[in-house]
Amino acid sequence: MSPDRVVITNDIRHILGQYLQEHSFSGIAVLVDENTRQHCLPHINELLENAVVIEIPSGEVNKNLDTCKLIWQLLTEACFDRQGLLINLGGGVIGDMGGFCAATFKRGISFINIPTTLLAQVDASIGGKLGIDFSGYKNHIGVFSTPDHVMSDPVFLDTLPEKELRSGFAEVIKHALISDAEYWPGIAQHEFSAQDWPSHIQHSIKIKKQIVAGDPTEKGLRKILNFGHTLGHAIESYFLTHPGNHLLHGEAVAAGMIMESYLSADKLGIPGNEVSEIENFIISVFDKIPISEKDLEPLIDLSIQDKKNEKGIINFSLLKRIGQATYNIPVSRLEMKEALRRYMSIR
Ligand SMILES: NC(=O)c1ccc[n+]([C@@H]2O[C@H](COP(=O)([O-])OP(=O)(O)OC[C@H]3O[C@@H](n4cnc5c(N)ncnc54)[C@H](O)[C@@H]3O)[C@@H](O)[C@H]2O)c1
Ligand SMILES: [Zn+2]
């Protein structure tokens, strides 16, 4: 897998224009959903006069094989050959699914990602994991393949709903916590509305690229990116089945990072003042998730299922200190339950 080529720009039209001029594609298609068509496509529309616009309905529920069939069908009807280019203009759903469709169409055509959510800019568009959900399992079908280019422009965040911005912020926090202690105070000393998004995008991309380069196919080191995600995923899935309580990925991961900081104290001895800093900051930004005693057993069952580990022990990625993570730390059911309870007791 080739490394990610990422540019961060304040002038997406210029960067994309240059790229299109330097290459001669036999055809261009741009994949959007109804929101990115409305808010993001106008930024680059004038470069894409002859492009086929493929619009799919937004949302994770559509990141599936039926939507892929539609994308492949429209590429086929447009007589796309292997010299064609697919531009994925959208959040992680568009990037993951558009990339997967491009990487498999006629055994692979060129594609570029123009991520338009914070989550996609700082996380999903980097690292080459592409795919779709299948039969109730997230990201169950997919491939590793990198886009020809990732072009990130903070301008897209201007139209992003605040809830989505906050969700992406969880991954920014995670990147500092797992590998850059020096960057952490610059995050933690500012409230949400005063965060420096262009700097965070730059920083997160640097960290994620470094980690992925050391372990492209997740044999080891890359697992540290799962900090906050073991309990976070369980919370995300659990609340999916609770109408009215739908959580965004980052909201669940934020809670997961607090809980997994408690586990980091128990298992790896991260200092108590660092745990308090993490807890206080995350709670100041994200609403506390209403978890009650009756939720604990099903939540823990879900995280065990998620990792397909029947012995009741799960391996976590935890922090030794702020800025230093380690992986494959076994945690028992009881320890998980204690971490969940401690989160529940935060005032
Ligand atoms: N491949 C990876 O390594 C990786 C990593 C993390 C997450 N992901 C995947 O990413 C997906 C989540 O991504 P997401 O959070 O970007 O969600 P998303 O793609 O669903 O976008 C969130 C919402 O924002 C809208 N939107 C996007 N850009 C906008 C803009 N600029 N202005 C207004 N609205 C806009 C979208 O239409 C959508 O309704 C999940 O499927 C997850 O599995 C992949
Ligand atoms: Zn995540």
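Trainee: Which domains does the domain assignment give for the chain?

Mentor: The assignment, automatic or taken from a database, gives domain 1 (6–159) and domain 2 (162–344). Please note that this is a predicted model, where local features need pLDDT of at least 70 and side-chain atom pairs count only at pLDDT 80 or more, while totals for chains, interfaces and linings use all residues. Residues are numbered from 1 along each chain as its sequence is written, chains are lettered from A and ligands numbered from 1 in the order in which they are written, and side-chain values use heavy atoms, with hydrogens and water left out.

Trainee: How many residues of each domain are in contact with the other?

Mentor: Contact means heavy atoms within 4.5 Å; 15 residues of domain 1 are in contact with 24 residues of domain 2.

Trainee: And what area do the two bury between them?

Mentor: About 1700 Å², with 72% of it on carbon and sulfur atoms. Buried area is the accessible area (1.4 Å probe) that two parts lose on being put together, summed over both. Ile8, Leu118 and Val122 supply 32% of the area that domain 1 buries against domain 2, more than any other three residues.

Trainee: How many salt bridges are there between the domains?

Mentor: Two are counted between domain 1 and domain 2. A salt bridge here is a side-chain nitrogen of Lys or Arg within 4 Å of a carboxyl oxygen of Asp or Glu. Lys208 and Asp123 form a salt bridge at 2.7 Å, N to O.

Trainee: Turning to the metal, which residues coordinate the zinc ion (ligand 2)?

Mentor: Glu171 (OE), His229 (NE2) and His249 (NE2) coordinate the zinc ion, at 2.0 to 2.1 Å. Along the chain, these donors follow the spacing E-x57-H-x19-H. Glu171 belongs to helix 7 (residues 162–179) and His249 to helix 11 (residues 249–268), 78 residues apart. Donors are N, O and S atoms within 2.8 Å of the metal (3.2 Å for Na, K and Ca); water is not among the atoms, so sites may look incomplete. Helices (H or I, at least four residues) and strands (E, at least two) are DSSP runs, numbered from the N terminus.

Trainee: Are Glu171 and His249 buried or exposed?

Mentor: Both are buried. The term means under 20% relative accessible area, with exposed over 50% and partly exposed in between (1.4 Å probe, protein chains only).

Trainee: Why is helix 11 described as largely enclosed?

Mentor: Because 16 of its 20 residues are buried, helix 11 is largely enclosed by the rest of the structure. Just after helix 11, Gly269 takes a positive phi of about 70°.

Trainee: What about His200: buried or exposed?

Mentor: His200, in helix 9 (residues 197–214), is buried at 3% relative accessible area.

Trainee: One last topic: which residues do salt bridges with shared partners join into one network?

Mentor: Arg333 meets Glu297 in a salt bridge of 2.7 Å, N to O. Arg333 lies in helix 14 (residues 333–344) and Glu297 in helix 13 (residues 296–306). Arg333 also meets Asp301, at 2.9 Å, N to O; Asp301 lies in helix 13, 32 residues apart from Arg333. Salt bridges that share partners join Glu297, Asp301, Arg333 and Lys337 into one network.
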